[in-house]
Amino acid sequence: MDLDKFKYIVCIAEEKSFTKAAQKLYISQPALSQYVATIEDQFKTKFFDRSCNPLKLTPAGEIFIKKALEIINLKKELWRDLEDSSNNKIVTLSIGVSPNRSPYMLPLFIPQLKKEFPNIKIKLLEKTGVDLENALINNQIDIAIISLPLLEKSLVYEEFFKEELLLITPNEERYLHFNRKKVKLEDLKDENFILLQERQKLRTAIEAFFLEKNFNPKIFLETENQECVLSLISSGLGIGFASNMHLTNKKWRDHFLTFSLDETILSRKFVIAYKKDKKLSKVENKLIEILRK
């Protein structure tokens, strides 16, 4: 059996569809179906219940997927150990980070990693926090930079950064009367909020804060992109939230007024997350060291 093709069956299980898996793997659906049929015939069992829509794994399929993921992970660890034993070979690192965070965070550590490992090759996955956790579980990435809390119990993490979330308004005179140290939410009841869409962890943190304070914001617009949030607020269309990291960027520095909320420090903790049973490579340990500094 071609072990590299284990990912075919894993992909079908993830997508719950032969059609979607074939598109993702860039192969034809008949070829994918034939491969699975050959393996099922070899083991004299079915991996998928094709009577269900979406597809469901059979008990045998559950066993196969569990062991296939272990084998895929062992193969990755083998290559990683071989890379660590040689200074001349290409070192690979597959890392996940939010697309709203990557422009600000990647320049903090990639130049140093490149200096330490001149032959490094980085594979980057830019997804929301929930998707990054799933990617870690499914061995699509080795490590993720992500904010707490984590939903998956099989992940462990090392904390390296805490940031304050600030209320931001356009840099306009009508907002100058706000108290810079403690804006009261009741003063914001008629303001138009521009927020990230649901499922993004920054939005989750803000919603938890609103719920705690029993505040129902007037949401004008939602977007997937934090840069879009900042652009729209700087244009005077509403108010919202941003982190210290975004606001220290000279691109945005003079566009906003910033405020803390009602003497409450709204903050998030960022961590380096990976699977509990993972053996960290030399380059991954170096990444953690750099981020801690």
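Let me start with the surface. The accessible surface of this protein comes to about 16200 Å², and 51% of that belongs to carbon and sulfur atoms. Please keep in mind that this is a predicted model.

Now the overall layout. The chain has 293 residues, of which 45% are buried. There are 10 helices and 11 strands. Along the principal axes, the C-alpha atoms fill a box of roughly 75 × 50 × 30 Å. If we take contacts between residues at least 6 apart in sequence, 74% of them join residues at least 24 apart.

On to the interior. In soluble globular proteins, nonpolar side chains tend to be buried together. Which residues touch the most other members of the largest nonpolar core? They are Phe109, Leu113, Ile145, Leu167, Leu188, Phe193 and Phe241, in a core of 56 residues. Take Leu188 as an example. Beyond its neighbours within four places in sequence, Leu188 is in contact with Leu167, Phe178, Val183, Phe193, Phe215, Ile239 and Leu261. Apart from that core lies another, with 22 residues, including Tyr8, Ile12, Ala22 and Leu25.

A word on cysteines. How many disulfides does the structure hold? The count is 0. Is Cys11 buried or exposed? Cys11 has a relative accessible area of 6%, so it counts as buried, the cut-off being under 20%. Cys228 is at 29% relative accessibility and therefore counts as partly exposed.

Last, the charges. The protein carries 47 positive and 41 negative charges, and their mean positions are 4 Å apart.

Note on methods: Residues numbered from 1 in each chain as written. Predicted model: local features only at pLDDT ≥ 70, side-chain atom pairs only at ≥ 80, totals over all residues. Heavy atoms only, no water. Helix = DSSP H or I, 4+ residues; strand = E, 2+ residues; numbered from the N terminus. Buried < 20%, exposed > 50% of the residue type's maximum accessible area, 1.4 Å probe, protein only. Contact = heavy atoms within 4.5 Å. Areas by Shrake-Rupley, 256 points an atom, 1.4 Å probe, with all protein chains shown as cover. Lys, Arg positive; Asp, Glu negative; His and termini not counted. Charge placed at Lys NZ, Arg CZ, Asp CG, Glu CD. Core = buried A, V, L, I, M, F, W, Y, C linked by side-chain atoms within 4.5 Å. Disulfide = S-S within 2.5 Å.
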